[in-house]
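Hello,

Here is the structure I promised to pass on. Please open it first, then read the notes below alongside it.

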Amino acid sequence: MEIGAASSCSKEHQKIYHEWFAFADSDGDGRITGPDAIKFFGMSRLPRADLKQVWAIADSKRLGYLGFGEFVTAMQLVSLAQAGDEITPDSIKRDDLSSLNPPVLEGLDTLLARSKHLVKRVDQAVDGFPQAQGPSTDHWFTSKSSKKIPLTAVTSVIDGLKRLYIEKLKPLEVAYKFNNFVSPLLTNSDFDAKPMVMLLGQYSTGKTTFIKHLLKTSYPGAHIGPEPTTDRFVVVMSGPDERTIPGNTLAVQADMPFSGLTTFGTSFLSKFECSQMPHPLLEHITFVDTPGVLSGEKQRTQRSYEFTGVTSWFAAKCDLILLLFDPHKLDISDEFKRVIGSLRGHDDKIRVVLNKADQIDTQQLMRVYGALMWSLGKVLNTPEVSRVYIGSFNDKPVKESAVGPIGKELFEKEQDDLLSDLKDIPKKACDRRINEFVKRARAAKIHAYIIGHLKNQMPTMMGKAKAQQRLIDNLEDEFAKVQREHHLPAGDFPYVDHFRDVLGGYSIDKFEKVKPKMIQAVDDMLGYDIPELLKNFRNPYE
C-alpha cells in the first residue's frame with residue numbers, strides 16, 4: 001500500500017529546488033510557512049485560486065508549512081498550472097512529474113544573485129530528498145525551561161500546540177495530579193509521533209498477517225500460526241535497519257512516544273517490543289500489533305499486567321483502531337467485551353474487519369455478518385451501526401470457488417474502502433492531534449473541578465479520615481454536584497470506579513483548591529488561542 005506519491009525529479013532540478021528552498025526559507029528553519037509562500041509563489045504570476053489549490057495539495061497533512069519534499073511538489077504543480085493544466089489531487093500521481101521543468105518565477109534570478117551566500121547551503125544536499133528538520137523543541141519540555149516560549153519560535157500547528165500545552169495546560173495537570181489519575185504528562189515525542197493504527201482481536205484472526213499484507217513483507221519478530229503466537233504488544237515502525245528493541249529500552253528513549261507505558265511496570269514492558277525496518281509505508285504510519293484476546297479466566301489470571309489498561313492507553317494515542325474477527329470466532333468473550341469497553345471515548349476511531357471471509361460461501365457469509373452485527377450491538381453501546389469491512393486480508397488470492405464472482409468483487413471493493421481509510425490517516429493526523437488535545441484539555445479542567453470540590457468538602461481540623469472515606473464512598477453524588485455547579489456534560493466525566501481507586505491512595509486534604517486563573521487560562525486556550533493558531537497556519541491563500 002502506498003500513501004500519496006513521492007515527488008521525484010532529476011538531480012539537476014533537485015539542485016535548483018534546493019537553492020530556491022534555501023532562498024524562500026527566510027529564517028532557515030527548514031520550513032516554508034504561509035508568509036514565505038506568498039512572497040515566493042507570487043513570482044509565478046498564477047491566479048490566487050490556483051495557488052490556493054497548489055498549497056492545499058502540497059500541505060495535504062495541514063501542518064501549516066512545507067518541508068523540502070512538499071516544496072518540490074508545490075513547484076511541480078506550479079509548472080503544470082503555468083502549462084495550462086488543471087490542478088487536482090491526482091496531479092501528483094502523474095508519471096511525467098519527474099521530467100517537468102522548474103516553473104518560471106519572474107525576478108527570482110535577480111534576487112538569487114543578490115543572495116549568493118545562501119547557495120552554499122545547496123552543497124550540503126545529499127542524494128535524494130533530505131528530511132527537513134524543523135527547529136528542535138525538546139528543550140521546551142525540560143524542567144529547566146521555565147521561561148515563556150516566544151511566539152516567533154512557533155512555525156507549525158504542532159509547535160503551537162506544544163507551546164499552549166507547556167504554558168497553559170501542563171500547569172493545571174501538574175497542580176491537580178491529572179497525570180496520576182487519567183494520563184501521563186505529554187512529552188515532545190507525543191506531539192511529533194507518526195499516526196498509529198492498533199489491531200485488536202481474538203487469537204488467530206489475522207492481525208499480524210494483516211500488517212504483513214499491507215507492508216507486502218514480513219517484519220522482525222513477526223510470528224503467525226493457528227495458536228496464540230503473538231504474546232506481546234509489538235509496535236511496527238520505521239527505522240534505519242531491521243531490528244527489535246525491548247520494551248524497557250523503548251520506554252526510556254526520549255524520541256519515542258512510549259514513556260507513559262512505564263506506569264504498567266516491568267511485567268508489561270517485558271511483553272512489549274518495537275520492530276523497526278525501513279519501509280515507505282512506515283514513514284507515514286506506525287502499526288501496533290496486540291496479543292490475541294483470550295476467553296475465560298485465562299485472560300484475567302494469567303496476564304501479569306493490566307491488559308485493558310494498556311489497550312486504553314494505546315487507544316488514546318492511536319488514530320485508528322481495527323477490531324478483527326474471523327467467521328469462526330464471532331463470540332465476544334467477557335474479556336474481549338472489557339477490552340472494547342476500554343476504548344470508551346474513542347468510538348470514532350473504531351473500524352470492524354470481518355477477516356478470512358473467503359473461507360465460507362455466500363449464504364454462510366450473510367448469516368455470519370448478521371450474527372456479528374448482533375454481537376457488536378450488545379457490546380458497542382451506540383445507536384449507530386458500526387462500519388464493517390468484509391474481506392480476506394492476506395497475500396493469497398480470494399477463493400472464488402467458495403464465494404463466487406460476486407463475492408470476489410465485493411471483497412475487492414471492501415478492501416479498497418479500507419485501504420482508502422488507511423491512506424487518509426496521515427492527512428488527518430494533524431486534525432486528530434488537535435481533537436485529542438482539546439479532549440485532554442476538557443478532561444483536565446473537569447478533573448481540576450472535581451479535586452477542588454472534594455477539597456472544599458474536607459473539614460479544616462478534626463475527622464479528616466472519616467470525611468475522605470465518606471466522599472470516596474459517595475463519589476457518584478459528588479460528581480453530580482460538580483456537574484450541576486459548573487454546567488458540565490456528564491459524558492466527559494471519568495469512570496467513577498477508576499477515579500475512586502486512584503483517589504484512595506491520596507490525602508484529599510493535601511490537594512490544592514481550584515485556582516480560577518488556571519481554569520481561565522485553559523478556557524482562553526480553548527476559546528481563543530487554538531482557533532487563532534489554526535487561523536495563522538491555514539492555507540495562506542484563503
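**The sheet**

Start with the open sheet of eight strands, whose order is β5-β6-β4-β7-β3-β8-β9-β10, with mixed pairing. Two strands form its edges: β5 (243-246) and β10 (388-390), each of which pairs on one side only. From one strand to the next, the twist averages 25°. Bear in mind throughout that this is a predicted model.

Now look at β8 (residues 320-325). It pairs with β3 (residues 196-201) in the parallel sense, over five bridges. Find L199 there: its bridge partner in β8 is L322. Strand β8 also pairs with β9 (residues 350-354), again in the parallel sense and over five bridges. Here F325 stands opposite L354 in β9.

How many of the residues of β9 are buried? Five of its five residues are, so the strand is mostly covered. Both of its faces are covered. I350, V352 and L354 are buried on one side, and R351 and V353 on the other.

**The chain overall**

The protein chain has 21 helices and 10 strands. It runs to 542 residues, and buried residues make up 49% of them. Take the contacts between residues at least 6 apart in sequence: 79% of these join residues at least 24 apart.

**Two packed helices**

Next, go to helix α13 (residues 307-317) and helix α14 (residues 334-341). They pack at an angle of about 30°, and their axes are 8 Å apart. The crossing of α13 past α14 is right-handed. Which residues meet? On the α13 side they are F307, T308 and T311; on the α14 side they are E335, R338 and V339. The residues of this contact divide into two nonpolar, two polar and two charged.

**A helix with a buried face**

Helix α18 spans residues 464-473, and A467, Q468, L471 and I472 in it are buried. Seen down the helix axis, these buried residues fall within an arc of 135°, so they line one face of α18. What is on the face turned away from that buried side? It carries the exposed residues A465 and K466. The cover over the buried residues of α18 includes α17 (425-456), α19 (475-486) and α20 (496-503).

Is H447 buried or exposed? Its relative accessibility is 2%; buried means under 20%, so H447 counts as buried. Leave aside its neighbours within four places in sequence, and H447 is in contact with Y176, K177, F178, F181 and F499.

The other stop is S98, in the loop between α4 (68-82) and α5 (108-114). Its relative accessible area is 30%, so S98 is partly exposed. Now find C9. S98 and C9 are 89 residues apart in sequence, yet their C-alpha atoms are 4.1 Å apart in space.

Best wishes

Notes: Residues numbered from 1 in each chain as written. Predicted model: local features only at pLDDT ≥ 70, side-chain atom pairs only at ≥ 80, totals over all residues. Heavy atoms only, no water. Buried < 20%, exposed > 50% of the residue type's maximum accessible area, 1.4 Å probe, protein only. Helix = DSSP H or I, 4+ residues; strand = E, 2+ residues; numbered from the N terminus. Arc of directions from axis to C-beta. Contact = heavy atoms within 4.5 Å. Axes fitted to C-alpha atoms, helices over the stretch in contact; angles between N-to-C directions. Left-handed = near helix turned anticlockwise from the far one by under 90°. Nonpolar A, V, L, I, M, F, W, Y, C, P; charged D, E, K, R; others polar. Pairing = 2+ DSSP bridges.
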